[in-house]
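Work through the exercises below with the sequence and the model open. Each task is followed by its solution.

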Amino acid sequence: MRPAATTLVTALHDADAVRVAGRISSGHRMHVAGNALAAARGIAARRDQLDRVCGPDADHDLVVTLAPEVDVRAVGMMLANAARSETGDDRILRHVVAVLRADDVAHLLWSDVDDAFVAAERVVSVVEYATVIALDRVEPLSGRRRRALVSLLHRMAPHAVIVAAPAVRSALDLPASNGGAARLLASGAGWMRALSSDSGRTDTGRGPRDDLVTVRYREPLPFHPGRLADVIADDLAAGANGRVLRSKGFFRLASRPDHVGSWSSFGAMLALDPTANPSWDEDAPVGQAIWFVGERLDVHAVERALDGALLTPEELLAGPDVWRRWPDPFPVWPALDPSHEHRHD
């Protein structure tokens with residue numbers, strides 16, 4: 001029996017996802033909300049029902065709209081993993097379609113708004129694991145701003161095809177797919193591909209109509225908390241050395257030697273959060289690994305500023321007991337589980 005091919009449609013606004021889903025659906029649709037596990041289970045149950053009702057030779061599909069808070073990456077990977085364990089074939093996901101209002105995204109990126117963290121994180125989550133990005137409301141943007149937005153989306157989601165949302169009138173307007181879209185969810189985001197590359201720090205990728213520059217910053221030393229705070233406020237602020245539009249990766253603060261930090265920015269919003277991995281985990285990244293993409297970035301100035309925030313040889317030799325006592329201006333992170341604190345002994 002050929003299982004129902006599934007297409008996930010996600011957006012910042014339910015109405016946008018529902019509108020596009022209605023155009024590309026052949027009749028079988030559903031909407032899911034809640035946590036990723038519940039969503040994946042609901043989709044799997046509906047697929048099984050379709051498979052039984054439609055019969056082994058039917059050419060049927062399922063289009064699923066996800067509420068904005070649902071983690072599309074987690075849902076897609078759960079569906080693929082379940083299919084692999086049941087049938088040995090994970091080719092179950094035809095497309096992940098992200099529907100964006102271009103003017104809203106441009107506002108987050110270029111207006112210097114610095115308190116829309118939820119909206120920014122949702123944009124990132126729907127874009128970076130999409131196979132199709134459908135852009136709506138592009139008319140308010142200037143030609144230059146439109147080109148910059150499309151270029152940024154291409155860098156964030158290198159595998160995605162970007163289309164105008166009004167041009168998507170049926171499933172035939174989507175790219176061909178072998179059902180393996182879920183395989184891109186594990187490592188398809190632009191920042192993942194960039195940081196896993198063995199090439200050098202900088203890849204300008206600059207064309208005659210494209211002012212975007214990407215930088216891969218990798219260093220094994222931890223950051224000094226005070227100097228890093230100064231770099232973020234002064235050197236990475238818009239206008240100082242260009243404008244950072246998106247950055248993502250992992251970082252280490254000397255004052256928090258047990259933790260590995262997650263670095264994520266979109267527009268003027270920067271979130272520095274702890275990851276689940278303690279620093280001594282064998283899979284934990286060492287030092288700094290951060291990917292930046294922005295307009296007219298002064299690469300050498302950005303690298304010089306970040307280098308200046310790294311520990312000096314004398315500071316490094318002082319050791320963690322001294323580092324922990326340094327003033328640390330960043331928000332407090334939860335303490336690690338004490339039962340795991342000595343796994344490295």
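The model is predicted, so local features need pLDDT of at least 70 and side-chain atom pairs count only at pLDDT 80 or more, while totals for chains, interfaces and linings use all residues. Residues are numbered from 1 along each chain as its sequence is written, and side-chain values use heavy atoms, without hydrogens and water.

**Exercise 1.** Give the strand order of the open sheet of 6 strands and name its edge strands.

Solution. Strands are DSSP runs (E, at least two residues) and helices likewise (H or I, at least four), numbered from the N terminus. Two strands pair if DSSP finds at least two bridges between them. The order is E2-E3-E1-E4-E5-E6, with parallel pairing. The edges are E2 (29-32) and E6 (161-164), each of which pairs on one side only. Direction ignored, neighbouring strands are turned by 25° against each other on average.

**Exercise 2.** Describe how helix H4 packs against helix H6.

Solution. Axes are lines fitted to C-alpha atoms, for helices over the stretch in contact, and angles run from 0 to 180 degrees between N-to-C directions. For H4 (residues 102-110) and H6 (residues 143-156) the angle is about 85° and the axes are 11 Å apart. H4 is therefore roughly perpendicular to H6 (the class from 65 to 115 degrees). In contact (heavy atoms within 4.5 Å) are Ala102, Val105, Leu109 and Trp110 of H4 with Arg145, Ala148, Leu149 and Leu152 of H6. H4 also lies across E4 (93-101) and E5 (132-136), at about 70° to E4.

**Exercise 3.** Which residue takes a positive phi in the hairpin of E10 and E11?

Solution. E10 (residues 259-266) and E11 (residues 269-278) run antiparallel and are joined by 7 bridges. His259 is opposite Pro278 of E11. The hairpin has 2 residues between the strands, and Gly267 has the positive phi, near 65°.

Notes. Angles under 35 degrees count as roughly parallel, over 145 as roughly antiparallel, 65 to 115 as roughly perpendicular and the rest as oblique.
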